[in-house]
Number of protein chains: 2
Amino acid sequence: MKTLQSTRRLADEDAPPAQEGRVLRLSAGRRTRSAAGADAEAIYRRILGAIIEHRLAPGRKLVEERLASVFGASRAMIRQVLTRLSHEMVVTLVPNRGAFVAEPTVDEAREVFEARRLIEPALARKLAQTVAPAQLSRLRQLVAAEERARAARDRQTVIKLSGEFHLEIAEMAGNAILARQMRELTLLTCLIIFLYDSPGGRACPDDEHHQLLDAFTCRDGERAAGLMLHHLDHVEQSLDISLTAQDDDDLERIFS
Amino acid sequence: MKTLQSTRRLADEDAPPAQEGRVLRLSAGRRTRSAAGADAEAIYRRILGAIIEHRLAPGRKLVEERLASVFGASRAMIRQVLTRLSHEMVVTLVPNRGAFVAEPTVDEAREVFEARRLIEPALARKLAQTVAPAQLSRLRQLVAAEERARAARDRQTVIKLSGEFHLEIAEMAGNAILARQMRELTLLTCLIIFLYDSPGGRACPDDEHHQLLDAFTCRDGERAAGLMLHHLDHVEQSLDISLTAQDDDDLERIFS
DNA sequence: ATAAACTTTATTGTCGACAATTTGTTGACT
DNA sequence: AGTCAACAAATTGTCGACAATAAAGTTTAT
């Protein structure tokens, strides 16, 4: 029963390869060995995409053999992808137990936001000083798409696009290493929002991205930095990271 | 001929397992699958140690089979370790060509320092406000060891210990995610120093670590942050990142 | 003598099979 | 009935063998 359902869900997630709009892409830095297998990269993107879009929920077990048959790949290749995802902290690998979609703890969530508050305002400031017209239009495009998704009440797409907006800023700022780190933080943030978003407060406040865009357009670095900081605080406060009793999983933590 | 020599060097690097003083350790975060193999972790540390201590120079090719025989492990296990190292950007994996000790470019070097200037002063400030006596003595210990190495003109150990000092600060600051990112940056910095250190200026100016330690002892967060920023600038300026024509490898870059 | 095409060698990439581990289940014993 | 132990199923971990690729060396033709 449960097994069957699980199988179907993975299969379903296999189904829609139509919307192939790169998955919170990042040129994958210097492409790792994974890229060699020609389609390891594709599998990576599919799985990551499913996680980002919340079709694979945090905590979900990822069984190697089943993934292998879904993607028509060998287990070894799935393994490559899973280890890569685990290095990016999107998947947790438990020895002899398997791979699971990561479930950031409240502490980790706080740390992620602390890191972002440190890095992103500086990136925003930097970008504002050097931004080119083409970059501005790209950002506008993302914000517009996000707004459409918001209008359509497609929360998952909103979260994904919001992440892409932040990541795009990081990449445009011209520091590949910081961009790479921001990618990790952004991916984690997607998981965190799904885990801790309170029903009441919506994730990324409506127009703060618009304001950021304005600041970029005016090339006002200080304002961009300030807005970014405020924005991050705002997002974090909209989450239930206060002291919420967490998932059942955290029994170990509770009795310690 | 060349083959033989290469073999010997790797063998030699195998030789001294005596000084087993953990290699710029970081509790490896949540231990990845690598840890399962019981000794994959050990192999990882040995190779990373050799790179950090410059016994494996940047650009050096790492042949899987040879490593496997050196460590008495299977090629698959070596492969795990190499992919992990590549995710940490210490090793570059070229499809169908193999693994090489990373050679950060001047641009990457600048980016690394930019990132560190962003993150480390904040971590220093934070640590100064919360530092415990035990932590202070640990830091003192590291600085003392570094000074001993400097007195012994053991430049490689100086660089390694200096990296450990910075990493320890990051870990003590109480943000595991930032600590993880700092670990990457610190490892890269080790490679960068070996690549671009000018013969004249020595790497980590003598007493700046001492001054930092003072600031921590006084719990003076602002001073610690300021010193850290200054220190990083100082280290970067002591390098030949000006416009030095790089290695012969970078012919592609020169004609572009 | 040089350059192109071919052969050889060394190394990486991929896969399937087997061993080890964990998890769930059955059955015997108190 | 309940508890524990042995057993069975499912899943992960490891390895060796083979295929694919790139580099080096050799031959051949101009």
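Reader: How many residue pairs are in polar contact across the interface of chain B and chain A?
Author: The model is predicted, and the count takes in pairs in which both residues have pLDDT 80 or more. Under that rule, the number of residue pairs in polar contact across this interface is 15.

Reader: Which element of chain B gives the largest share of the side that touches chain A?
Author: The elements of chain B that give two or more residues to this side are helix 4 (75-87), strand 2 (91-94), helix 5 (106-130) and helix 8 (176-196). The largest share amounts to nine residues, and its source is helix 5 of chain B.

Reader: How many charged residues has the side of chain B that touches chain A?
Author: The contact draws 34 residues from chain B and 34 residues from chain A. By class, the chain B side has 14 nonpolar and eight polar residues, and the charged residues number 12.

Reader: What area do chain B and chain A bury between them?
Author: Interface size is often expressed as the accessible area lost when the parts come together. Carbon and sulfur atoms account for 54% of the buried area here. The total that chain B and chain A bury is about 3,400 Å².

Reader: Which residue of chain A meets B:Glu114 in a salt bridge?
Author: Side chains of opposite charge can pair when their charged atoms come close. The rule finds four salt bridges across the interface of chain B and chain A. In the one formed by B:Glu114, the N to O distance is 3.1 Å, within the 4 Å cut-off. The partner side chain is that of A:Lys126.

Reader: Which residue forms a salt bridge with A:Asp107?
Author: Over all chains, the search finds 36 salt bridges. For A:Asp107, the closest N and O atoms are 3.7 Å apart. Both residues of the pair lie in helix 5 (residues 106-130) of chain A, three residues apart, about one turn of the helix. The partner of A:Asp107 is A:Arg110.

Reader: Over which ring does the charged end of B:Arg84 sit?
Author: In chain A, A:Arg84 lies over the face of A:Tyr44, 3.6 Å from the ring centre. In chain B, the charged end of B:Arg84 is 3.6 Å from the centre of a ring, that of B:Tyr44.

Conventions: Residues numbered from 1 in each chain as written. Chains lettered and ligands numbered in written order. Predicted model: local features only at pLDDT ≥ 70, side-chain atom pairs only at ≥ 80, totals over all residues. Heavy atoms only, no water. Contact = heavy atoms within 4.5 Å. Buried area = accessible area lost by both parts, 1.4 Å probe. Polar contact = N/O pair within 3.5 Å; in protein donor to acceptor, adjacent residues only side chain to side chain. Helix = DSSP H or I, 4+ residues; strand = E, 2+ residues; numbered from the N terminus. Nonpolar A, V, L, I, M, F, W, Y, C, P; charged D, E, K, R; others polar. Lys NZ or Arg CZ within 6 Å of the ring centre and 35° of its normal.
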